[in-house]
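Open the model in your viewer and keep the sequence panel beside it. The tour moves from one selection to the next and says what is found at each stop.

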Amino acid sequence: MRIPAKVFVLLLSSFAACDVPFSPKGEFTERAVVYSILDVTRPIQFARVYFTYDIEGLDPGQNAIDQQVQKASVVVYDEIGQSYPFKDTLLRRDTYSRYNTDIVAYSTDRLVPTSGKKYRLEVSIPNHGVTSAT
């Protein structure tokens with residue numbers, strides 16, 4: 001008796017299955033997250049720095065602690081090495097229903113980016129090292 005190929009593949013895949021439980025939530029590792037968009041139409045540039053957070057369950061909306069990073073050093077460098085340091089800034093939230101603190105941001109009014117040029121963003125966080133992006 002000959003077994004059709006589709007049945008054989010189905011049988012083979014059932015034997016090859018593993019017993020590792022599936023979890024949609026992977027292993028948590030704290031990491032720095034930096035948000036910044038250099039806007040050629042604005043005279044002021046912003047960056048925000050956060051740490052990732054771990055939650056119980058699967059709903060990130062249940063997190064009520066804002067993982068903002070204070071006292072980071074944020075600097076943008078242009079192609080020729082000119083530096084543009086950002087300073088600490090507090091921004092008011094539209095609503096305080098989830099987080100009851102103002103937004104910690106970093107800003108500079110010294111940088112007016114030019115379209116087509118490369119910039120490097122460097123963020124140094126005390127006790128966490130330096131991260132950068134171009």
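The model is a predicted one, so treat each stop as a feature of a prediction.

Now widen the selection to the two strands. β7 and β8 (residues 129-133) run antiparallel and are joined by five bridges. Three residues lie between β7 and β8, and together the two strands form a hairpin. Click on Asn127 in its turn, where phi is positive, at about 65°.

**The other partner of β7**

Next, select β3. This strand also pairs with β7, in the antiparallel sense and over five bridges. One place to check is Val75, whose bridge partner in β7 is Glu122.

Val76 stands opposite Tyr84 of β4. The hairpin of β3 and β4 has five residues between its strands, and Gly81 there has a positive phi near 95°.

**The four-stranded sheet**

Hide those strands and show β1, β2, β6 and β5. In that order, they make an open sheet of four strands with antiparallel pairing. Which strands stand at the edges? They are β1 (32-36) and β5 (87-91); each has a single partner strand, so one side of each is left without a neighbour in the sheet. From one strand to the next, the twist averages 35°.

Zoom in on β2 and β6, an antiparallel pair joined by three bridges. Here Ala47 stands opposite Tyr106 of β6.

**Ser107**

Select Ser107, which is also in strand β6. Is this residue buried or exposed? Ser107 has a relative accessible area of 4%, so it counts as buried, the cut-off being under 20%. Show side chains and look for Thr89: its side chain makes a polar contact of 2.8 Å with the side chain of Ser107. Leaving out residues up to four places away in sequence, Ser107 touches Ile44, Gln45, Phe46, Pro85, Phe86, Lys87 and Thr89.

**The nonpolar core**

Select Val49, Val74, Tyr106, Val123 and Ile125. These residues have the most contacts inside the largest nonpolar core, which has 16 residues. Two or more residues of this core come from each of β2 (45-51), β3 (73-77), β6 and β7. In soluble globular proteins, nonpolar side chains tend to be buried together.

Center the view on Ile125. Residues up to four places away in sequence aside, Ile125 touches Ala32, Val49, Phe51, Val69 and Ala72.

**A loop residue**

Move to Val112, in the loop between β6 (103-108) and β7 (120-125). Val112 counts as exposed because its relative accessibility is 55%, and the cut-off for exposed is over 50%.

**The whole chain**

Finally, zoom out and color by secondary structure. The chain has one helix and eight strands, and along the sequence the pattern is α-β-β-β-β-β-β-β-β. Of its 134 residues, 24% count as buried. Among contacts with a separation of 6 or more, 51% are between residues 24 or more positions apart. With the surface displayed, the chain exposes about 10300 Å², and 55% of this is supplied by carbon and sulfur atoms.

Note on methods. Residues are numbered from 1 along each chain as its sequence is written. This is a predicted model: local features need pLDDT of at least 70, side-chain atom pairs count only at pLDDT 80 or more; totals for chains, interfaces and linings use all residues. Side-chain values use heavy atoms; hydrogens and water are left out. Buried means under 20% relative accessible area, exposed over 50%, partly exposed in between (1.4 Å probe, protein chains only). Contact means heavy atoms within 4.5 Å. Accessible areas come from the Shrake-Rupley method with a 1.4 Å probe; for residues, only the protein chains shown count as cover. A nonpolar core is a set of buried Ala, Val, Leu, Ile, Met, Phe, Trp, Tyr and Cys residues joined through side-chain atoms within 4.5 Å. Two strands pair if DSSP finds at least two bridges between them. Axes are lines fitted to C-alpha atoms, for helices over the stretch in contact, and angles run from 0 to 180 degrees between N-to-C directions. A polar contact is a pair of N or O atoms within 3.5 Å; within protein, one must be able to donate a hydrogen and the other to accept it, and residues adjacent in sequence count only if both atoms are side-chain atoms.
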